[in-house]
Amino acid sequence: MSTLRVLTGITTSGTPHLGNYVGAVRPTVRASRQPDTQNFYFLADYHALIKTSGDPARVQRSTLEIAATWLACGLDPEKVTFYRQSDIPEIPELTWLLTCVTGKGLLNRAHAYKASVDKNTAAGTEPDDGVTAGLFMYPVLMAADILMFNAHQVPVGRDQIQHIEMARDIAASFNHLYGEHFTLPEAAIEANVATLPGLDGRKMSKSYDNTIPLFTPRDTLRKLIMGIVTDSRAPGETKSTEGSALFQLYQAFASAEETAALAQAYADGIAWGDAKQVLFERIDREIAPMRETYDALIRDPARIEKTLRQGAEKARALATPFTARLRHAVGLRPLDTQAATPTTTKAAKQVLPVFKQYREKDGLFYFKLLDPKGELLLQSTGFDQPREAAQTMARLQREGQPALTELAPRIASSADPAAVQAALTLLAAAIDEA
């Protein structure tokens, strides 16, 4: 079985809270222990600069806190590649190489940029007022993060799907111009991402100022939990678990048996103060051992720095030779090496057809196969998930005509069968040679 490469980035612009732990840290650390996977986890401090411009202390402090959090929660740097983005100089270099093949029109459609423009337009100001080039170029930097290590999967929330699609488009453009260098990544979307309510009942978020810091001291944790908003039902009065922030928080940490017991206590009229004490004790039981490790790490930043430096060495062992290969591909070569003739270069650019995946206004995901001149060879029907479309493309590339026959119901239109078969044969041969 081939190794699956999975890459996850963590932006260093805040202090982790319970919602981050339940929704991202805990499940991701568990997933990092799966066999037959090669995992890359990085602290996205370049990305953080987009949000924290002018506040360097915040970036440094957040980097320390987030690194300590992941290590305290069980991420094993011996079994994964755990590094700081800014320790990999090849990433900004790759960002520039990708910038040179990325259409401005593609970046104009990025959700974050469009939201800023729409906000300015509604306010009657200049469309690009307050928009930095960093915000505009964010998708290219994210593509470089992913493509540097040819990740197969990138776990993201639904709001980040577009960035993975853009990374695929950028990779396909580079491959078309310079040969097959990049794997086209897939978005790995967790169907039921856990979200926690905050102190006021709304989703726990720094934007609402309603968070419970993950490793806040025990006494502070209890004080925060005791301040969670509840209704006015008195002790002895039956309480509903539906819509109860206390109950949802408890459920995220408790076993099925513990959850059932608290549900019965709600039905029996448990006092809110008692329910909050039960919640505090259950959360603290899980967090306390990790808090001790976290506090020790925070007091010893040199230990974290050493871990990140070692992770960077592992990452650069892959990034440095790969970047040398990419530099050669685009023509950044020593002058005493043999240069390709214009005819050879032109032929290389036209040797392979290309798959492109995209999303339509109906919310479904499609792909098409284009010949080297950009002519349509094959068009798919719509898929509910990007992963389904990507898997279908991958199968067509691997298996060619047999897969095309079996997948006929997922093909909306197709050009001359001989041309399609020839294109698939070329792609399969390229995979075998890679």
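**Walking through a predicted model**

Let's start at one spot: Gln379 stands opposite Ser413 in strand β9. Residues here are numbered from 1 along each chain as its sequence is written, and the model is a predicted one, in which local features need pLDDT of at least 70, side-chain atom pairs count only at pLDDT 80 or more, and totals for chains, interfaces and linings use all residues. Side-chain values use heavy atoms, with hydrogens and water left out.

Strands and helices are DSSP runs, numbered from the N terminus: strands are E runs of at least two residues, and helices are H or I runs of at least four. Strand β8, residues 376-380, pairs with β9 in the antiparallel sense over three bridges; two strands count as paired if DSSP finds at least two bridges between them. Strands of a sheet pair through backbone hydrogen bonds, either parallel or antiparallel.

Next, look at helix α3, residues 56-72. Its 17 residues reach 24 Å from first C-alpha to last, close to the 24 Å expected at 1.5 Å a residue; the expected span is 1.5 Å times one less than the number of residues. Twelve of the 17 residues are buried, so α3 is largely enclosed by the rest of the structure. Among the buried ones are Trp70, Leu71 and Ala72. Here "buried" means under 20% relative accessible area, "exposed" over 50%, and "partly exposed" in between (1.4 Å probe, protein chains only). After α3 comes Gly74, whose phi is positive, near 110°.

Buried in α6 are Tyr113, Val117 and Asn120. They cover an arc of only 65° around the axis, which puts them on the same side of α6; the arc is that of the directions from the helix axis to the C-beta atoms. An α-helix has 3.6 residues a turn, so residues three or four places apart point the same way. On the other side of α6, Lys119, Ala122 and Ala123 are exposed. The buried residues of α6 pack against α5 (104-108) and α7 (133-147).

Two single residues are worth a visit. Leu279 sits in helix α12 (residues 272-298) and, at 1% relative accessibility, is buried. Beyond its neighbours within four places in sequence, Leu279 is in contact (heavy atoms within 4.5 Å) with residues including Ile225, Leu246 and Tyr250. Thr259, in helix α11 (residues 256-267), is buried at 11%. Leaving aside neighbours within four places, Thr259 contacts Phe247, Tyr250, Gln251 and Ala254.

Finally, the cysteines. Cys73 is buried, with a relative accessible area of 10%, while Cys100 is exposed, at 53%. Taking a disulfide as a pair of cysteine sulfur atoms within 2.5 Å, the count comes to zero.
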